[in-house]
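Please find below a colleague's note on the structure shown here. The points are numbered and may be read alongside the sequence and the coordinates.

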Amino acid sequence: MLEAIEGSQAIARAVAMCRPQVVAAYPITPQTHIVEGLSRLIANGTLSAQYISVESEFSAASVVMGASAAGSRSYTASASQGILLMTEVLYNIAGLRIPTVLTVANRAVSAPLSIWNDHQDSMSVRDAGWIQLYCANNQEAVDTTIQAFFISEKTEIPVMVCVDGYTLTHTLEPVDIPSQEEIDAFLPPFHFRRTLDPQNPITVGTLVSPDFFTEARAVNHQAFKKAIKTIHETDDLFFQLTGRRLGALLSVTGDSTAKTGILLMGSVFGTLSDALFSHEEKDEIRLLKLRSFRPFPKEDLQEAVRGLKTLIVLDRSLSTGSDGGIVGMEVRSALFGQKNAPRIINAVVGLGGRDLPLSLLSRLLDLSKNPDTPEFLFADIEPSRILEEVSSPVNTVHSEEK
Amino acid sequence: MVEIRIHGRGGQGIVSAAYLLALAAFESGLYAQAFPSFGAERRGAPISAFVRINKIPFARHCQILSPDYLIILDDSLLFLRETLLGVDASGGILANSRKSLPEIKNQLSKRGFSIREDHRIAIVGATEISLAHLGKPIPNTVLVSAFISLTGIISGACLEKALARRFAGEVLEANLSLVREGARQVEENAWVDQASDTRSQTYA
């Protein structure tokens, strides 16, 4: 039933209807409302689960790893520094192929200290071995959460559901939350085939010698190739149940004859869609919504850029000192050597909560029309604010001293 | 589309006011969205929240840069340039204040804001009303009710329905009395535009 609800509360309700048996989380802005909501649902008896209060995100991740290894469906959520504090355990959960779901209420990483939205936190754990799905609105946040449990338990790969902090978590908007019956029909009870069981003892997390380490890593990598199929199938099954598709790994909006494409992740999709709707050149523009960053849909992307002259890739995080944004480098690599590959402009935007306005579309199109636009740039920077810093004589003083 | 920006200080219920207005719009069959600009503020710090209301769904998740209406819960913020930024001359400003309308207009012009005769500004002493009915200085419900009455974009009944979903018993009763008192403070439908191409008739 459609209801107007805050994103965090909608996510908490969706998680509860997936019937996790263990929830462990440490509150951090902007994730707090989600775990507060879950704590309330457990306290008032709506959800029969154990809520384990922990002293840090490191413990939260450790608890859900243990709970899932023992055969319980588990859930946690965090953001920013919290995700970084979890990092060591995140690698373990993924390396041991333990299914669980983690909501990342995407937030910038300190320093400078910021509580606001960008994608630096989830991007920082890009290589941890988790599936990463990004949500464009709160309907997708709810639906992806439900799909995530299914995907994780089917692939035995943990799933991060990435939801823009504040922009989605704190926004009240109409959301259709599926009924308990619908979710029960979609998501069977969790049966873990490698569960820790005193009657049938196994060892989990043992030392792996050089004889087998490479093979263990290669198997994990292969599992991601298979996960591509699972993510597609899950979206199909979900469509049969609810009539909603989330675009599997990558979806395309706009004209197939378009010459300019914009590839993006997360909630900026809605703003660009609205801007596109009233734009005079709308037939010329195609939006590529990247939902799955891991696994990265290389083949879907190669297909989606066909016919494009220019592809603008938006990055909401930064690998300082690199020659491009994190998504940008991935896209360049995927399209390298492809015949008639589009010119790629990689634009970093919306760091640390900088608003992404409707006018962003025109700004990006202007960049795409200018042959002098660099391959990589900060597209919404205020240059006057850093003039002094950039022209600071720090380096020249040192060279003069020599 | 109607876009509203709400200004106030942490603790005055700015986010609740935005959510309440969006919930009331949703109750009346409109598509609505509400969100705060800053979500981790301290009591007393200036904060703002946004509400969009439209007949049909929209997808944007950006801040409101040129609002049709401002609702200001703390009159000390009324004279800040950031507060009045982007507000459309054909829109309206509803503020919580104990000062009179001429006094507010006078102060605005003294500080260099050009105020035309036909600018829509309405003042309600919402804090005092809330103290009298609720025993707490929380002006949000009174102002939301006054705003709905002025603009006619949503019926008062839908606001009461939205409140009934959130509160019950004595708290609900107190809030409903705030709604009725808030509506009485302003001239009903005073901001409904007469011309057929105005925003309130076109969109909501």
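1. The structure is a predicted model.

2. The enclosed strand S5(A). How many of the six residues of strand S5 (residues 101–106) of chain A are buried? Six of the six are buried, so the strand is largely enclosed by the rest of the structure. A:Val101, A:Thr103 and A:Ala105 point one way from S5(A), while A:Leu102, A:Val104 and A:Asn106 point the other way. Residues on both sides of S5(A) are buried.

3. The neighbours of S5(A). Strand S4 (residues 74–78) of chain A runs parallel to S5(A) and is joined to S5(A) by four bridges. Within this pairing, A:Tyr75 has A:Val101 of S5(A) as its bridge partner. Strand S7 (residues 159–164) of chain A also runs parallel to S5(A), and six bridges join these two strands. Here A:Thr103 stands opposite A:Val161 in S7(A).

4. S4(A) and S5(A), together with helix H4 (residues 80–95) of chain A, form a β-α-β unit. The unit is right-handed.

5. Helix H3(A). Helix H3 (residues 57–69) of chain A has 13 residues, which at 1.5 Å a residue should span 18 Å. The C-alpha atoms at its ends are 18 Å apart, in agreement with that expectation. The buried residues of H3(A) include A:Glu57, A:Ala60, A:Val64, A:Met65 and A:Ala69. Among the elements that cover the buried residues of H3(A) are strand S2 (22–25), strand S3 (50–53), S4 and H4 of chain A. Just after H3(A), A:Gly71 takes a positive phi of about 100°.

6. The contact between the chains. Chain A contributes 21 residues to the contact and chain B contributes 19 residues. On the side of chain A that touches chain B, strand S8 (172–176) and helix H9 (268–277) of chain A are the elements that give two or more residues. H9(A) provides the largest share of that side, four residues. By class, the side of chain A that touches chain B holds nine nonpolar, nine polar and three charged residues.

7. The six-stranded sheet. Chain A has an open sheet of six strands in the order S9-S11-S10-S13-S14-S15, with mixed pairing. Why is one side of strand S9 (250–254) and of strand S15 (376–378) of chain A left without a neighbour in the sheet? Both strands stand at the edges and each has a single partner strand, so one side of each has no neighbour in the sheet. From one strand to the next, the twist averages 20°. Strand S13 (residues 310–315) and strand S14 (residues 343–348) of chain A pair in the parallel sense over six bridges. A:Asp315 has A:Val348 of S14(A) as its bridge partner.

8. Helices against the sheet. H9(A) packs on the sheet and touches S9, strand S10 (260–264), strand S11 (285–290) and S13 of chain A. The direction of H9(A) makes about 165° with that of S11(A). Helix H11 (residues 326–335) of chain A lies across S10, S13, S14 and S15 of chain A, and runs at about 145° to S13(A).

9. Cis peptide bonds. A:Ala111 and A:Pro112 are joined by a cis peptide bond, with omega of about 0°. A:Pro112 lies in the loop between S5 and helix H5 (120–124) of chain A. The peptide bond from A:Arg294 to A:Pro295 is also cis, with omega near 0°. A:Pro295 lies in the loop between strand S12 (292–294) and helix H10 (298–304) of chain A.

10. A:Glu156 is not a glycine, yet has a positive phi of about 55°. A:Glu156 belongs to the loop between helix H6 (138–155) and S7 of chain A. With 18 other C-beta atoms within 10 Å, A:Glu156 is partly exposed. B:Asn189, likewise not a glycine, has a positive phi of about 60°. The loop that holds B:Asn189 is between helix H7 (169–184) and helix H8 (199–203) of chain B. B:Asn189 counts as exposed, because 11 C-beta neighbours lie inside 10 Å.

Notes. Residues are numbered from 1 along each chain as its sequence is written. Chains are lettered from A and ligands numbered from 1 in the order in which they are written. This is a predicted model: local features need pLDDT of at least 70, side-chain atom pairs count only at pLDDT 80 or more; totals for chains, interfaces and linings use all residues. A residue is buried if 20 or more other C-beta atoms lie within 10 Å of its own, exposed if 12 or fewer, and partly exposed in between; C-beta atoms are placed from the backbone. Two strands pair if DSSP finds at least two bridges between them. A crossover is right-handed if, with the strands pointing away from the viewer, the path from the first strand over the helix to the second runs clockwise. The expected span of a helix is 1.5 Å times one less than its number of residues. Two residues are in contact if their C-beta atoms, placed from the backbone, lie within 7 Å. Ala, Val, Leu, Ile, Met, Phe, Trp, Tyr, Cys and Pro count as nonpolar, Asp, Glu, Lys and Arg as charged, and the others, Gly among them, as polar. Axes are lines fitted to C-alpha atoms, for helices over the stretch in contact, and angles run from 0 to 180 degrees between N-to-C directions.
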